[in-house]
Amino acid sequence: MNWAAGTQCVAKGDHRKPKPGELAYHKGDILTIPCYLFSRREARHNTTGEEGLISSTNVREREALRVDPSLSLMPWFHGKISGPEAVGKLQPAEDGLFLVRESIRHPGDYVLCISVSGDVIHYRVIFQDNKLTIDHTQYFYNLIDMIEHKSKLKVCGSFTVLFMSLSSPAGWLLDITKLTLGENIGEGEFGAVYEGEYMGQRVAVKTIKCDVTAQAFLQETAVMTKLQHKNLVRLLGVILHKGLHIVTELMIKGNLVNFLRTRGRSVVSSVQLLRFALDVCEGMEYLESKKLVHRDLAARNILVSDDSVAKVSDFGLTKMDTKVSDNVKLPIKWTAPEALRKEKFSTKSDVWSYGVLLWEIFSYGRLPYPKMSLKEVKERVEGGYRMEAPEDCPPGVYSLMTMCWEQEPRKRPAFHKLREKLEREMGEHSSSPGSERSLPAKMP
């Protein structure tokens, strides 16, 4: 038999004890032929992803594609529809949602339509040298091969898909020639972070570590383009040059954990601790108003500006949906019980995390649940255990922490309610006789 690359086959029997180089499979398994071969051909198992040699006599060609292209093999193919119709089918917009249509303007050509940051990008699929390509860098024998590849990488399969939206009138795409990188100031989840300068402005530049983490990296960028608030780290733009770079405002004083640990009680007053708590709360209230869930709220993800304003950063896990759709390693000590147990995230699970962040702030950067293992934390918190108040923590603030740690999410206050309570607490501390010295305009 002479099957084209991309042909899908069904195993006619079991092959459970493969020899070296052969592929193991069971009767009924679906296999894909990635290249032209004859009686002994290499195949990829559609479920396990493993590759190896098979015998063509043990498989038969899958018929569904020939009979009806719109069946299970190609649910993403919508035939000859217009661009506006494609946009309608991709609503509500969700990053990575896509379909393939036949072009009306160019009959016989295909168009890949992808939803990115609330917009739908239309990518003409080019037929060249008997192969298909979108960006002239990767070529495929057929639509199934192409979509399988793009589906695995989602938006990262072609960086230009995202950057087409970023280079729109919003002006998110920056010029690499105007960027000067300085010293390494840290390692983030996605790669190194550098201090730099862009057109005379001091900036922070987060660089991608590798293609494997690109999806989360791009997701963070897409989220940040939609957010503008004084207590969220501000995105300045992105650069495509030997990978991806996210350029943000430079937060001179680093993350809040290190800020508190290196200064301590002798430098940072309880009034300033309240100011930090209120800064974060206002940033989270804004996210709450946008129906966005941060899912990784912790003092390590709060950055401090030169004038000692705390701002929420690291939006890599931020989503509108409430389920973890990827294999994210959850920060157990900061994660609400229902999120650990059922992977159910919401603004109320962010509120739980905020309670832990308050504990971090008023303990001057101590690690939550001191001397407890992660297993012990999960078990004891589920059983009703809650941390005691940090030393010298105002009773009103500890009361807020315990409200955030209500077992039932619906009983936890919303961020706008927390802000109101913190403002009252701030007023009492600022006006009370003998209150601590007011903070200087700039802290060291």
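A: Please do. In this predicted model, helix α6 spans residues 256-263, and L256, V257, F259 and L260 are buried in it.

Q: What do the buried residues of α6 pack against?
A: Their packing partners are helix α7 (270-289), strand β17 (302-304) and helix α9 (347-362).

Q: And the ends of α6: what is found at the start?
A: There, N255 has a side-chain oxygen that comes to within 3.1 Å of the backbone nitrogen of V257. Just after the helix, G264 has a positive phi of about 75 degrees.

Q: Which residues other than glycine have a positive phi?
A: Among them are K291, with phi near 60 degrees, and E343, with phi of about 55 degrees. As background, most residues other than glycine have a negative phi.

Q: Where are K291 and E343?
A: Both are in loops: K291 lies between α7 and β17, and E343 is found between α8 (337-342) and α9.

Q: How exposed are K291 and E343?
A: K291 is exposed, because its relative accessible area is 61% and the cut-off for exposed is over 50%. E343 has a relative accessible area of 37% and is therefore partly exposed.

Q: Changing topic to strands: what is the order in the six-stranded sheet?
A: The order is β6-β7-β8-β9-β10-β11, in an open sheet with mixed pairing. Its edge strands are β6 (77-80) and β11 (139-140), each of which pairs on one side only.

Q: Which strands of the sheet run parallel, and which run antiparallel?
A: β6 and β7 (residues 98-102) run parallel and are joined by two bridges. Strand β8 (residues 110-116) runs antiparallel to β9, with seven bridges between them. Three bridges join β9 to β10 (residues 131-133), and this pair is also antiparallel. In general, strands of a sheet pair through backbone hydrogen bonds.

Q: Which residues stand opposite each other in those pairs?
A: F77 stands opposite V100 in β7. V116 has D119 of β9 as its bridge partner. Q128 is opposite K131 in β10.

Q: Let us stay with Q128. Where is it, and what is it in contact with?
A: Q128 belongs to strand β9 (residues 119-128). Setting aside neighbours within four places in sequence, Q128 is in contact with H136 and Y139. From Q128 to F140 the C-alpha atoms are 9.9 Å apart, while the two residues are twelve apart in sequence.

Q: Is Q128 buried, exposed or partly exposed?
A: Q128 is partly exposed, as its relative accessible area is 27%.

Q: What does the UniProt record say about K206?
A: The unreviewed UniProt entry has an annotation "binding site" that covers K206. In the model, K206 is in strand β14 (residues 201-207). K206 counts as buried, because its relative accessibility is 13% and the cut-off for buried is under 20%.

Q: Finally, what is the mean pLDDT of the chain, and where does pLDDT stay under 50?
A: The mean pLDDT is 78, and 74% of the residues reach 70 or more. Values stay under 50 over residues 210-215, where the model has ten contacts beyond four places in sequence. They also stay under 50 over residues 320-327, where the model has 15 such contacts.

Notes. Residues numbered from 1 in each chain as written. Predicted model: local features only at pLDDT ≥ 70, side-chain atom pairs only at ≥ 80, totals over all residues. Heavy atoms only, no water. pLDDT = per-residue confidence, 0-100. Contact = heavy atoms within 4.5 Å. Pairing = 2+ DSSP bridges. Helix = DSSP H or I, 4+ residues; strand = E, 2+ residues; numbered from the N terminus. Buried < 20%, exposed > 50% of the residue type's maximum accessible area, 1.4 Å probe, protein only. Polar contact = N/O pair within 3.5 Å; in protein donor to acceptor, adjacent residues only side chain to side chain. UniProt positions renumbered as here; feature names shortened; annotations may be inferred.
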